[in-house]
Amino acid sequence: MGKAERNRAQSARARIAEQQAAAQRTEKRRRLLAVGGSTLLVIAIVVAFVVIRNLSAQKQAGGGKLSNSVFSGLTTVPASTLATVGTGALPAANLPIKSISDTTLTSSAGKPEFLYIGAEFCPYCAAMRWSMAVALSRFGTFGQLKGIHSSSTDVYPNTATLTFYKQKYTSQYLTFTPVENETVTQTPLQPTTKDQQAIWVKYDTQNGGQGYPFMYFGGKAVITGPMFNPGVLKGLTWSQIAGQLGDPTSTVAQNVNGAANYITAAICKMTNDTPANVCKAAPVPAVQAKI
């Protein structure tokens with residue numbers, strides 16, 4: 001083989017070697033990218049799982065913070081609006097509320113105690129929590145309220161509401177003791193005490209057992225079910241519900257505030273009509289006479 005041919009052969013081998021090296025570098029980069037892409041995919045899946053799990057836990061036991069506008073609209077319904085609504089769209093008879101005469105339930109602070117037993121999944125509780133918040137705001141102050149939806153698989157699914165789980169409430173007139181018995185997915189959340197269970201069993205035996213919601217007003221009155229149909233809240237957001245509470249002509253106000261006036265009247269029964277600026281103001285005395 002001549003010198004020229006040897007040079008051409010060496011040059012060809014060099015090009016082949018260079019091409020092979022380039023191919024190896026490309027394959028190495030491809031594998032690194034594949035491994036990196038797989039790692040990023042795994043990280044993304046893990047992050048998504050954590051987010052979903054946190055959102056699920058939030059929904060089950062506490063929900064998300066209500067906006068300031070919703071909080072304000074819910075806790076500062078004008079007394080004039082409540083007076084105009086009266087009993088609103090609620091039926092005149094067969095409401096699940098009645099006066100009782102039992103041993104006064106008081107808290108360790110010596111104040112009469114309002115006991116509520118409900119569940120986060122419960123659509124009927126979802127409706128009545130709005131009314132409870134409106135009424136209780138006339139006697140004291142809530143801490144930051146948290147919003148949830150009722151169960152997506154029950155009747156009146158995904159009703160926008162709030163939860164009283166670990167809720168702070170201060171009042172010089174009463175103690176509010178909320179028990180959210182189950183989560184949105186119907187798993188245990190807050191158990192009742194022996195005394196609470198005994199009261200619940202004594203006064204709520206509908207359909208052969210205890211139901212939600214249940215309210216006990218210091219041995220003076222009980223509510224053993226919803227006072228209006230949760231369907232009036234269907235498809236509404238927290239903002240839309242809170243925004244309608246101040247309009248006495250709205251369907252929401254006619255139901256939520258109507259029930260709130262009954263709850264207010266029941267609270268006044270256990271506080272001996274204090275404070276007078278609430279318990280003696282219209283429509284409370286007239287509503288109280290219906291209990």
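How much accessible surface does the protein chain have, and what percentage of it belongs to carbon and sulfur atoms? The accessible surface comes to about 14700 Å², and 55% of that belongs to carbon and sulfur atoms; areas here come from the Shrake-Rupley method with a 1.4 Å probe, and for residues only the protein chains shown count as cover.

Before you start clicking, note that this is a predicted model, in which local features need pLDDT of at least 70 and side-chain atom pairs count only at pLDDT 80 or more, while totals for chains, interfaces and linings use all residues. Residues are numbered from 1 along each chain as its sequence is written, and side-chain values use heavy atoms, with hydrogens and water left out.

**The whole chain.** Of the 291 residues, 45% count as buried (under 20% relative accessible area; exposed is over 50% and partly exposed in between, with a 1.4 Å probe and protein chains only).

**The core.** Now select Phe114, Met215, Tyr216, Phe217, Met227, Ile263 and Ile267, which touch the most other members of the largest nonpolar core, a set of 69 residues. Such a core consists of buried Ala, Val, Leu, Ile, Met, Phe, Trp, Tyr and Cys residues joined through side-chain atoms within 4.5 Å. Helix H7 (residues 251-270) gives the most to this core, with 11 residues. Zoom in on Met227: beyond residues up to four places away in sequence, its contacts (heavy atoms within 4.5 Å) include Leu90, Pro91, Met128, Ala259 and Tyr262.

**Helix H5.** Next, select residues 194-203, where Gln196, Ile199, Trp200 and Tyr203 are buried. Look down the axis of H5: the buried residues fall within an arc of 100°, so they line one face of the helix (the arc is that of the directions from the helix axis to the C-beta atoms). They pack against strands E3 (113-118), E8 (175-180), E9 (214-217) and E10 (221-223). On the face turned away from the buried side, you will see the exposed residues Lys194 and Lys202.

**A three-stranded sheet.** Move on to the open sheet with the order E1-E5-E6 and antiparallel pairing (two strands pair if DSSP finds at least two bridges between them). Strands E1 (64-65) and E6 (160-163) stand at the edges with a single partner strand each, so one side of each lacks a neighbour in the sheet. Four bridges join E5 (residues 146-149) to E6; Ile148 has Thr161 as its bridge partner, and Lys146 stands opposite Thr163. Both faces of E6 are covered, with Ala160 and Leu162 buried on one side and Thr161 and Thr163 buried on the other.

**Leu245.** Which loop holds Leu245? Leu245 is in the loop between helix H6 (238-244) and H7, and it counts as buried at 0% relative accessibility. Thr75 is 170 residues away in sequence, yet the two C-alpha atoms are 9.8 Å apart.

**Backbone stops.** Finish with the peptide bonds. The bond from Thr274 to Pro275 is cis, with omega near 0°, and Pro275 has its place in the loop between H7 and helix H8 (276-279). Asp273 is in the loop between H7 and H8 too; its phi is positive, near 60°, although the residue is not glycine. Another cis bond joins Ala282 and Pro283, with omega about 5°. Asn94, also not a glycine, has a positive phi of about 65° and counts as exposed at 79% relative accessibility.

Technical notes: Helices (H or I, at least four residues) and strands (E, at least two) are DSSP runs, numbered from the N terminus.
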